[in-house]
Amino acid sequence: MSDRRSRAAWRRQPEPARAPVAPESSAEEPSVIQASLYREGRKVSSPATLAETYRQLREHPDGMAWIGLHRPTEEELHSLAAEFDLHELAVEDALEAHQRPKLERYGDTLFVVLRAARYLDAQEEVDFGELHVFVGPDFLISVRHGAAPDLSAVRRRMEENPDLLALGPEAVLYAILDAVVDGYAPVVAGVQNDVDEIETEVFGGDPAVSRRIYELSREMVEFQRATRPLVGMLHGLMAGFAKYGTDEELQRYLRDVADHVTHTSERVDGFRQALTEILTVNATLVTQQQNAEMRALAEAGFEQNEEIKKISSWAAILFAPTLVGTIYGMNFDNMPELHWAGGYPFAVLLMAAVCTSLYFIFKRKDWL
């Protein structure tokens, strides 16, 4: 980063009056969360407006401004860009959001995009937020899109440690990186619990588990997009330690953050692989269950066919004597053999012969 004195000299040049901060879109959720001025690691003021922050920082060129915003307006970001000489491409990214994690250097200003995450217990899902950070020689601007991360805890932590805060905007950036990476830990724990529950549901035969696996897999894809680029970003910062004269204490902090994010990235990769394998196992179990159901239906159909064969066979056997008896029971005078003395024995023998023949025929065909 460039010399503070050159920055201060630039600030002392006459400048046109700044326009007041644009009206807030919602009184319940102001864009400027907090703006504070620090000198030697201690807060000296908390300006109420951006214009007042600019004025006080110009009056105290040895100070540092820390400005936190949440979904700022275009006018606010353009005001910050004019005051701190922010690159137009970085400002455009901060306005549009939906950026991948990255680190860009524009002159003496760093532009960092981070993807924060938090685990929602009630919905059992992962909520992702986006954070854009501008880091200059005497300022740090955080632009938050989404509920995560909450940087108030980072600000309190830094204010309680003046020696660390006195190291300047880079120290604040590393504290923010540490907070974002630490925020991944509860998410990892929540996802691990979800994976364990899904495994139980898969082997329990829950039909709704496939949808849950798919939704969690999509969240792990987003989680990978948040953590994988961060590993390279942190290694890039570490590669510049010597070039930019990074304080040794900050170097230790950054290495620790890099270790944590590498571990988290590996866990996320493991979750995605596990979910892929679970989905394969679930598909196999569903196929086996369907095959078992089809086999059971086939067996039931076979048994039903066997019963139908038996019923049909006995119906045919009983139909023969019924037919003979029905014909000779019509009592017509001119029927053949009606007055024959051997007619009755013949009819009985005929019925017995037909029934016996049909019985052996069906028996041979295994219908009986």
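**Helix 8 and helix 11**

I started with helix 8 (residues 184-204) and helix 11 (residues 248-327), whose axes come within 11 Å and cross at roughly 15°. That makes helix 8 roughly parallel to helix 11 (angles under 35 degrees count as roughly parallel, over 145 as roughly antiparallel). I noted that helix 8 passes helix 11 in a left-handed crossing (the near helix is turned anticlockwise from the far one by less than a right angle).

For my terms: axes are lines fitted to C-alpha atoms, for helices over the stretch in contact, and angles run from 0 to 180 degrees between N-to-C directions. Helices are DSSP runs (H or I, at least four residues), numbered from the N terminus.

This is a predicted model: local features need pLDDT of at least 70, side-chain atom pairs count only at pLDDT 80 or more, and totals for chains, interfaces and linings use all residues. Residues are numbered from 1 along each chain as its sequence is written, and side-chain values use heavy atoms, with hydrogens and water left out.

Next I looked up who touches whom (contact means heavy atoms within 4.5 Å). On helix 8 I found, among them, Tyr184, Val188 and Glu199, and on helix 11 the partners include Arg267, Phe271 and Asn282.

**Helix 7 and helix 9**

The axes of helix 7 (residues 169-182) and helix 9 (residues 209-239) come within 13 Å and cross at roughly 155°. I therefore logged helix 7 and helix 9 as roughly antiparallel to each other. Their crossing is left-handed. Tyr174, Leu177 and Val181 of helix 7 meet Leu230, Leu234 and Leu237 of helix 9.

How values were computed:
Helix = DSSP H or I, 4+ residues; strand = E, 2+ residues; numbered from the N terminus. Parallel < 35°, antiparallel > 145°, perpendicular 65-115°, else oblique.
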